[in-house]
Every structure is written in structure tokens, then in C-alpha cells.
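I opened my notebook to look up a few side chains. Here is the model I worked from.

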Amino acid sequence: MSAWDSWRDAAPASKVLKVDALAELDRLADMVAAFEDGSDQFTVLDEVASRNLVPP
């Protein structure tokens with residue numbers, strides 16, 4: 001455990017991802033897999049980039 005690591009001190013509710021966050025992570029994992037498989041990589045990157053623009 002590092003000095004900056006406070007994971008073990010966090011409240012139990014803070015250690016659980018919400019359903020919508022899990023769904024977004026699953027979607028991102030699918031995109032990474034599609035990118036790594038080489039299936040139209042530009043389209044995959046374009047979609048990822050368009051969802052993460054700041055400001056929206």
C-alpha cells in the first residue's frame with residue numbers, strides 16, 4: 001500500500017461503480033477490442049473522441 005493510497009479507508013459505497021458507469025466501461029472495452037481487431041479503426045477513434053469532447 002502506498003502512502004497516497006486511501007482505497008482501504010474509503011466508505012463501502014465509494015468502492016462500488018454505478019450501473020451506468022459499468023455500462024460505459026463495457027462500451028469502451030468493446031471499442032478497444034474493435035480497434036485492436038482492426039475493424040475500421042478510424043470510425044472507432046472518431047466515436048470515442050466525439051463522446052469525450054470538452055466542452056460538450
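**Entry 1, ground rules.** I am reading a predicted model, where local features need pLDDT of at least 70, side-chain atom pairs count only at pLDDT 80 or more, and totals for chains, interfaces and linings use all residues. Residues are numbered from 1 along each chain as its sequence is written, and side-chain values use heavy atoms, with hydrogens and water left out.

I looked for a side-chain nitrogen of Lys or Arg within 4 Å of a carboxyl oxygen of Asp or Glu, which defines a salt bridge. The count is one salt bridge. Arg 27 and Glu 24 form it with their side chains, at 2.7 Å from N to O. Both sit in helix H1, residues 19-37. They are three residues apart, about one turn of the helix. I noted that helices are DSSP runs (H or I, at least four residues), numbered from the N terminus.

The cut-offs are under 20% for buried and over 50% for exposed, with partly exposed in between (1.4 Å probe, protein chains only).

Which residues does Arg 27 contact, leaving aside its neighbours within four places in sequence? I found Glu 47 and Arg 51. Contact means heavy atoms within 4.5 Å. I also checked Val 48: Arg 27 and Val 48 are 21 residues apart in sequence and 9.9 Å apart in space, C-alpha to C-alpha.

Leu 22 counts as partly exposed because its relative accessibility is 40%.

Note on methods:
Helix = DSSP H or I, 4+ residues; strand = E, 2+ residues; numbered from the N terminus.
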